[in-house]
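Please look over the sequence and the model shown here before reading the notes, which are grouped by topic. They are meant to be read with the structure open.

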Amino acid sequence: MKTIRIGLLSFAHMHAEGYATALMGMDGVELMCTDPDSHRSGRPSPAWRGRKGARALGVPYVDTCEELEQWGPDAVIVCSENTEHRRMVEWAAERGYHVLCEKPIATSHDDAVAMWDACRQAGVFLMTAYPVRFSTACRELKTRVDHGQLGDLVGFAGSNNGKIPSGGRTWFTDPDQAGGGALVDHVVHIADILDMMLDGEQASSVWAADNRILGADNPDVHVETSGLVTVRYPSGLVGTIDCSWSMPEAAPTWGGLTLDIIGTRGTARFAPFDARVSGAVCGQAAWLGYGEDMDGVMLRTFTDAVRTGHTPQPDAASAIRSLDIMLAAQQSARSGAVVHLN
């Protein structure tokens, strides 16, 4: 097996910790991490950022992107704040590195297209981190849809509920760094699964409503914390996405994703995080998940693609389609009107 070098850019996103740990355990993979923006706010960085975070994770670390470049990665994983995705992806593309970028791919359509163009011009691929589509249950649902077991798809009800981000990651609730709140954080996961099921069919219209009732007394929250989105597709499929940060503080950061699909011949329910034990430990709610490692499957798909040079899914085109649904939801929530997509 060819050994490849993967650079991890930024510890801002919570998934960076899991990705780093998984990559350290993979055969044929060398990892180097950097978190150059950990002190950008001018305040002391939390323990999970920068060199302190790398030491806690037990992963190799350099202080700057220039040092990472000297190390010579074959590819990078971008786990920065959402609004920094374009800067980091374009930096990687200019140096010929394949890219796996956290979701959403960007916070504007123009930024996402610019990132895709930069990677195409450099001859590298741009993959987006949507681990749920790599679950066995999602692949089985796709097989049922493709074989016509559900008939023509006519309706869906999706939910992606989590808790209000905390633990020092207040950038999730800062519109200048995240691009928005619950709509940005959670709509795109359901949109990506639908993109997979519909073979890339672009939504035709979106309507959405949001509010900030949950977390209204939290001074760090400056974004919407609840949302309901209705999406319609040209094929006639129509349904809703509940993207609210409505889970209790003791719940996992995320893991409330479900999707019910209704067809003319049957229905199916997709709930990849139902493999868990729920209860109480020392008087506090406990959510103990078990089952397959979706992140691991996604990362192996990425590293295999780095070795072969073949563009993996979900690619930039699918990520932009999911992003456009989220952006239309933001626009609709602001205006109260249905937004039509080209």
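**Strand S6 and its partners**

In this predicted model, strand S6 pairs with strand S9 (residues 238-242) in the parallel sense, and five bridges join the two.

*Strand S6*

- Strand S6 covers residues 153-161, and seven of its nine residues are buried, so the strand is largely enclosed by the rest of the structure.

*The five-stranded sheet*

- Five strands make up an open sheet with parallel pairing, and their order is S2-S1-S3-S4-S5.
- The edge positions are held by S2 and S5, each of which has a single partner strand, so one side of each is left without a neighbour in the sheet.
- On average, and with direction ignored, neighbouring strands of this sheet are turned by 20° against each other.
- Between S1 and S3 the parallel pairing runs over four bridges, and Ile6 has Ala75 in S3 as its bridge partner.

*Helix H9*

- Helix H9 comprises 15 residues (294-308) and reaches 21 Å from its first C-alpha to its last, which is close to the 21 Å expected at 1.5 Å a residue.
- Asp293 caps the N-terminal end of H9, with a side-chain oxygen that lies 3.3 Å from the backbone nitrogen of Asp295, while the helix is followed by Gly309, whose phi is positive, near 80°.
- The buried residues of H9 are Met294, Gly296, Met298, Leu299, Phe302, Thr303, Ala305 and Val306.
- These buried residues pack against several elements, including helix H1 (15-24) and the strands S1 (4-9), S2 (29-34), S3 (75-78), S4 (98-101) and S5 (126-128).

*Cysteines*

- With a cut-off of 2.5 Å between cysteine sulfur atoms, the count of disulfides comes to zero.
- For Cys101, the closest cysteine sulfur belongs to Cys79 and is 8.4 Å away, too far for a bond; Cys101 counts as buried because its relative accessibility is 0%.
- For Cys119, the closest cysteine sulfur is that of Cys101 at 9.0 Å, again too far for a bond, and Cys119 counts as buried at 1% relative accessibility.

Definitions and conventions. Residues numbered from 1 in each chain as written. Predicted model: local features only at pLDDT ≥ 70, side-chain atom pairs only at ≥ 80, totals over all residues. Heavy atoms only, no water. Expected span 1.5 Å × (residues − 1). Buried < 20%, exposed > 50% of the residue type's maximum accessible area, 1.4 Å probe, protein only. Contact = heavy atoms within 4.5 Å. Polar contact = N/O pair within 3.5 Å; in protein donor to acceptor, adjacent residues only side chain to side chain. Pairing = 2+ DSSP bridges. Axes fitted to C-alpha atoms, helices over the stretch in contact; angles between N-to-C directions.
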